[in-house]
Amino acid sequence: MRHRPALGAVVLAGALALAGCGAGDSPAELSVGAAYMPQPVSATMAAGFLTITNDGGTEDELTSVTSDAGEVTVHETVDGAMRQVDRLPIPAHGELALESGGNHLMFEKLKRQPKQGQTLSVELHFADSAPVTVEMPVKSATYRPGGGSAHSGHTGN
């Protein structure tokens with residue numbers, strides 16, 4: 001009988017150790033920021049940019065994007081060459097930046113040409129996380145984020 005409490009303590013310690021193993025693998029915690037679309041010069045095509053941040057301990061993947069504005073595909077850019085992909089990884093405790101000259105969203109078959117000052121709604125779909133709806137403002141065709149322009153107080157950048 002004296003061995004049973006010790007056995008119970010060992011089983012409890014083992015269970016706690018196993019539970020602790022998964023503590024670093026918290027689910028993906030996704031948030032989206034810096035979303036925008038430069039005003040397109042084409043009536044039927046446009047690009048979109050945003051950053052998806054993952055504060056969780058598990059990687060996720062952007063698998064598709066939908067919008068009432070038209071068809072949206074996900075593109076990666078490798079060595080200056082653009083190609084459509086089925087998914088892009090969002091690393092644990094990291095981010096996926098979709099930016100000019102790099103990975104981006106491609107809007108095709110637009111139902112209307114977006115104009116500066118308007119906003120488009122897009123829904124991001126992921127391998128494991130719930131979809132996220134993002135309001136994407138249309139900026140000037142020459143807008144570039146960063147460089148202090150976002151905080152300068154000027155409009156129409």
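This note goes through selected local features of the model in numbered points.

1. The model is a predicted one, in which local features need pLDDT of at least 70 and side-chain atom pairs count only at pLDDT 80 or more, while totals for chains, interfaces and linings use all residues. Residues are numbered from 1 along each chain as its sequence is written, and side-chain values use heavy atoms, with hydrogens and water left out.

2. Aromatic pairs. A search of the whole structure finds 2 aromatic pairs, where rings of Phe, Tyr and Trp (its six-membered ring) pair if their centres lie within 6.5 Å, and where planes under 30 degrees apart count as stacked, over 60 as edge-to-face and the rest as tilted. One of these is the tilted pair of tyrosine 36 and phenylalanine 49, with 5.3 Å centre to centre and 45° between the planes. Because tyrosine 36 lies in strand β1 (residues 30–38) and phenylalanine 49 in strand β2 (residues 45–54), the pair ties together parts that are 13 residues apart in sequence; strands here are DSSP runs (E, at least two residues), numbered from the N terminus.

3. The pair with tyrosine 143. Tyrosine 36 also forms an edge-to-face pair with tyrosine 143, at 4.8 Å centre to centre and with 75° between the planes. This pair links distant parts of the chain, since tyrosine 36 belongs to strand β1 and tyrosine 143 to the segment after β10 (132–139), 107 residues apart. Tyr36, Phe49 and Tyr143 form one aromatic cluster. Lysine 139 lies over the face of tyrosine 143, at 5.2 Å from the ring centre; a charge sits over a ring if NZ of Lys or CZ of Arg is within 6 Å of the ring centre and within 35 degrees of the ring normal.

4. Tyrosine 36 counts as buried because its relative accessibility is 4%, and phenylalanine 49 counts as buried at 7%; buried means under 20% relative accessible area, exposed over 50% and partly exposed in between (1.4 Å probe, protein chains only). Tyrosine 143 is likewise buried, with a relative accessible area of 10%.

5. Surroundings of phenylalanine 49. Leaving aside neighbours within four places in sequence, phenylalanine 49 is in contact (heavy atoms within 4.5 Å) with residues including Ala34, Tyr36, Leu98, His104 and Met136. The C-alpha atoms of phenylalanine 49 and alanine 97 are separated by 7.8 Å, although these residues are 48 residues apart along the chain.

6. The nonpolar core. The largest nonpolar core has 26 residues, and those with the most contacts inside it are Ile52, Leu62, Leu105, Phe107 and Leu124; such a core is a set of buried Ala, Val, Leu, Ile, Met, Phe, Trp, Tyr and Cys residues joined through side-chain atoms within 4.5 Å. Strand β9 gives the most to this core, with 4 residues. Leucine 124, with neighbours within four places in sequence left aside, is in contact with a set of residues that includes Val32, Leu50, Ile52, Leu62, Pro131 and Val134.

7. Serine 67. This residue lies in strand β3 (residues 60–67) and counts as buried because its relative accessibility is 14%. The side chain of serine 67 reaches the backbone oxygen of serine 121 at 2.9 Å, a polar contact being a pair of N or O atoms within 3.5 Å in which, within protein, one must be able to donate a hydrogen and the other to accept it, and residues adjacent in sequence count only if both atoms are side-chain atoms. Not counting residues up to four places away in sequence, serine 67 touches Val72, Phe107, Ser121 and Val122.

8. The partners of β4. Strand β4 (residues 71–78) runs antiparallel to strand β8 (residues 104–108) and is joined to it by 5 bridges, two strands being paired if DSSP finds at least two bridges between them. The bridge partner of glutamate 71 in β8 is glutamate 108. Strand β4 is also joined by 5 bridges to strand β5 (residues 81–85), again antiparallel, and threonine 77 stands opposite methionine 82 in β5.

9. Positive phi angles. In the hairpin of β4 and β5, which has 2 residues between the strands, aspartate 79 takes a positive phi near 50°. Histidine 93, in the loop between β6 (88–90) and β7 (94–98), has a positive phi of about 50° although it is not a glycine, and histidine 93 is exposed, with a relative accessible area of 60%. Lysine 109, in the loop between β8 and β9 (119–126), has a positive phi of about 55° and is not a glycine either; lysine 109 counts as exposed at 58% relative accessibility.
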